[in-house]
Amino acid sequence: MLKHNANNERVKYRYFTYLKEAKRLSEQTLDSVAKALARFEEYTQFKDFKAFHHQQAIAFKSHLAKQEGQRSGQVLSKATLHSTLAALQRFFQWLAGQPSYKSRLNYTDADYFNLSDKDMRIATARRFQIIPTMEQIKHVIASMPDNTDIERRNRALVAFTILTGARDSAIASFKLKHIDLIHGCVKQDAREVKTKFSKTFTTYFFPIDGDAHSIFAEWVQYLRNKKFWGNEDPLFPATRVVIGKTGEFEVDGIDKKHWSNATPIRKVFREAFEGASLPYFTPHSFRHTLACLGEGLCNTARGV
């Protein structure tokens, strides 16, 4: 059974190059497009894209609606259907204008990937979002232990997130030099920090009651004055793993390395909320909590 089609791989490479270089899309977006194309190719048993017909789009749409997510085990959501089908529609519209495909594909056949109006409304509807309260976040921080370097790091991580509302991908890439405790801010330099849309800006600490500010400040001072770390070292270092005396992997404090991605940060949050006997909230949800705080403190959009 075929597991790839050489012609398809060549044209996909051209399309991904187009999206990256001409449309300036991120690697994360390219991955989602690649996943959508992989799903379609697997369904068609890797038929050449030149054989695309609107009946394929209709049949695949029906097939996809019955599929279950690998992690959830539930039928794919309308939002997932929408994003997958939209990626396929844009691809085949682009493909219909390419040499050696123009004479074989109809541009309008890609329209058959559209969802019904009803499903489209469901997929794009804004949903009520449950967010943690400030009291819950304070309780979580107060419940977190601080006996080891890893525990101190984890507690400071949660405190820093509610102080700044920074995105988890940015948090994983911050260095000590980006923190200004005197002026109470963090400099999100896109040359080194993974900010959204690679924008550079400064975030000032929010006026949070409680111990969040002191916990984070103590962590920074601990790294600088006790660990003797410098400006280029990570603000929230990765966990060091070594081979122990038993020949098995063991945790051995913190390492002078950045986390490669935000997954460990979300794990820290999950364990922190579970340890406080509260439902898990993502780092991103803290941004919504801060937005609610701002609405309560500011009488106008200017904060006056």
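In this predicted model, helix H3 (residues 54-64) packs against helix H4 (residues 78-95) at an angle of about 160°, and their axes lie 11 Å apart. Helices are DSSP runs of H or I with at least four residues, numbered from the N terminus, while strands are runs of E with at least two. Axes are lines fitted to C-alpha atoms, for helices over the stretch in contact, and angles run from 0 to 180 degrees between N-to-C directions. H3 and H4 are therefore roughly antiparallel to each other, a term that applies to angles over 145 degrees.

The contact, defined by heavy atoms within 4.5 Å, brings Phe60, Lys61 and Leu64 of H3 to Leu81, Thr84, Leu85 and Leu88 of H4.

The protein as a whole has 11 helices and 5 strands. Its C-alpha atoms fill a box of roughly 70 × 55 × 35 Å, taken along the principal axes. Of its 304 residues, 39% count as buried, that is, under 20% relative accessible area with a 1.4 Å probe, protein chains only. Among contacts between residues at least 6 apart in sequence, 59% join residues at least 24 apart.

Residues are numbered from 1 along each chain as its sequence is written. Local features need pLDDT of at least 70, side-chain atom pairs count only at pLDDT 80 or more, and totals for chains, interfaces and linings use all residues, while side-chain values use heavy atoms, leaving out hydrogens and water.

Methods:
Parallel < 35°, antiparallel > 145°, perpendicular 65-115°, else oblique. Buried < 20%, exposed > 50% of the residue type's maximum accessible area, 1.4 Å probe, protein only.
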